[in-house]
Structures are given as structure tokens and as C-alpha cells.
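Dear colleague,

Please find below the structure that I am handing over to you. The findings follow it, arranged by topic.

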Amino acid sequence: MNKFDGVANTLFVPLVARINISKKFPEYFMDEKALELEKYLPQGVDKGSSEYSNMASVARYYNMDKTIIAFAKSYAESNIVYLGAGLETAYDRLSDKIENRTVHWYETDLPEVIEARKKVFGQRKNETLIAGDMFKLEWVKEIDNSLPTLLIVSGVFQYFHEEEIIAFIKGCGKAFPKGEMLFDATSESGLKFTNWFIKRTGNASAIMYFGINDSKEFANKCSMELLEEKTFFPEALKMLGKKLSFVTKVSMKVAEKKKQVIILRLKLN
């Protein structure tokens, strides 16, 4: 039986990107666990992927990983919570980089995804898998909210509508008095390109709806403080330089100039 049986094909897209970039540009990003999982992937899951789409996906992880490490190192004990975790391999990428700190790792997703994670990853130290709908907030009961907590929502919000997301973020704020949230967003103009790419890959059911043009304005809608806003590609452009294809480099520079893809960190209280 395939260990990924029952998992939606859309969850393979970021995993494939991590595999491809780890092979092509290991000096920028290396995900050894993702490379181990390649043997379990169904055929054809990389249909329609490009160097730019792979870089866009991995740049999100590259930047988020840095924030997560810094957050965990700031406290003797903390929670790192991945919401809508999918086939995320951050536990494997980051655990060894956070020394002399106690980090409680949590991943929550729909039951079929959690079952697949159990088959593939097994049970690891200080890691808890929680099955359920992240928007229903039942998962908060399984986490010690007295600890500093970083909630990570990577590649998820885009598939929902703004009113749902604002209500969810406010709910997380009530649940975690020492909480922060880290998530990525696309501008409204960037959504047009992204949806074109999604249709090209044959995933027409995965159209994206949510975009942010003004990070501070969105934070205000949530009644939260904007701690940080990052664009995706500054370091990638510096590090990889001429190794990137012309089309990829131009696409990245346009995305930077227009702030088409960003990462936001909110203080929940």
C-alpha cells in the first residue's frame, strides 16, 4: 500500500518543490527528509512545475525557517505549531538547529493527512499530531497555551476567504495569550498568476481567493500588531545569481518589486 494513499495531490506540490530545489540548489536550501520521501510520490505529481514555481514555494520555507529558529531560540521552552501541516518536514529540517531549548512540535491537519504522516514519519520526540479542521479550533485544547507559541500557516490561507481568515486569527489570539502567527500571502495581482499556474498543473479545484495588498491594513482588520513583513526572494537572488534561468530571475524580480508574495508575522495579543 502506498504510504500516501488518500492524500490530495495538491499536498505533493510543495514537497516536490523542496525535493527539486534541494537537488538543484542545495547551497540555498536542503531538505534531506523530503529527498527520502521522493520514493513514495505518485507518478506525474510534478506536472506543470517550473523552476520559478519551485523557487517560490521553497523561498517561503527558507524565510519561515529562519523566523521559527529565532523564535524557538528566544525561549527556554516553547510551542511550534504547524496548522494545515500537509507533508511538512520542518521538524526534520530544524530540530537540530535549535539547541539547548525545549520545543514542543505540533502538526494539525485533516484526519487522512495525519494518518499518512503517522505512516511516513512515525512518532518522534516532542512531536504531537492532531487530526481535525484547523478552522474549528478544537486543536487548541491539546496545546499548553501558557507557553510562548508560534503558529505557522504555510500555503493555506490563500484557499479561503478573508472573513474566514480574520475570524480564525482572532480566535487564535483569544486561545494563545503568548502567541504569534507566521503566514504567507499573495497580492491580488499575484493571485492571477498563481491561479493561472494552478490551472496549468491540472488542479483547477485548488483556486486561490485570499490576497493581501497592505499588510498593516490587514493586521488592523485582525486587531493585531504587525511584527514583520518579508518578501520572498532577496537572499535567493543574491545567493544563486546567474544559476537561475532568465525567466525565473525576471519573475522573482517582478515579484519583489510588486510585493506579490510576502510573509507576515503577527503578535496575537
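**Findings**

Helix 3 and helix 10 pass each other in a right-handed crossing. Please note that the model is a predicted one.

The crossing involves residues 51-73, which form helix 3, and residues 246-258, which form helix 10; the two axes come within 9 Å and cross at roughly 45 degrees. Helix 3 is therefore oblique to helix 10, since an angle counts as roughly parallel only under 35 degrees and as roughly perpendicular from 65 to 115. On the side of helix 3, the residues that meet the partner are E51, Y52 and M55, and on the side of helix 10 they are T248, S251, M252 and A255. This contact comprises 4 nonpolar, 2 polar and 1 charged residues.

Helix 3 also packs against helix 1, which spans residues 12-24; here the axes come within 8 Å and cross at roughly 95 degrees. Helix 1 is thus roughly perpendicular to helix 3. Helix 1 contributes P14, A17, R18, N20, I21 and K24 to the contact, while helix 3 contributes E51, N54, M55, S57, V58, R60 and Y61. Sorted by class, these residues are 6 nonpolar, 3 polar and 4 charged.

Along the principal axes, the C-alpha atoms fill a box of roughly 50 × 45 × 35 Å. Of the 269 residues, 54% are buried. Among contacts between residues at least 6 apart in sequence, 76% join residues at least 24 apart.

Two loop residues also deserve mention. Most residues other than glycine have a negative phi. N100, however, has a positive phi, near 60 degrees. This residue is located in the loop that runs between helix 4 (90-94) and strand 2 (102-109). The relative accessibility of N100 is 71%, so N100 counts as exposed. L137 likewise has a positive phi, near 65 degrees, and belongs to the loop between strand 3 (127-131) and strand 4 (149-153).

Yours sincerely

Methods
Residues are numbered from 1 along each chain as its sequence is written. This is a predicted model: local features need pLDDT of at least 70, side-chain atom pairs count only at pLDDT 80 or more; totals for chains, interfaces and linings use all residues. Side-chain values use heavy atoms; hydrogens and water are left out. Axes are lines fitted to C-alpha atoms, for helices over the stretch in contact, and angles run from 0 to 180 degrees between N-to-C directions. Helices (H or I, at least four residues) and strands (E, at least two) are DSSP runs, numbered from the N terminus. Angles under 35 degrees count as roughly parallel, over 145 as roughly antiparallel, 65 to 115 as roughly perpendicular and the rest as oblique. A crossing is left-handed if the near helix is turned anticlockwise from the far one by less than a right angle, and right-handed if clockwise. Contact means heavy atoms within 4.5 Å. Ala, Val, Leu, Ile, Met, Phe, Trp, Tyr, Cys and Pro count as nonpolar, Asp, Glu, Lys and Arg as charged, and the others, Gly among them, as polar. Buried means under 20% relative accessible area, exposed over 50%, partly exposed in between (1.4 Å probe, protein chains only).
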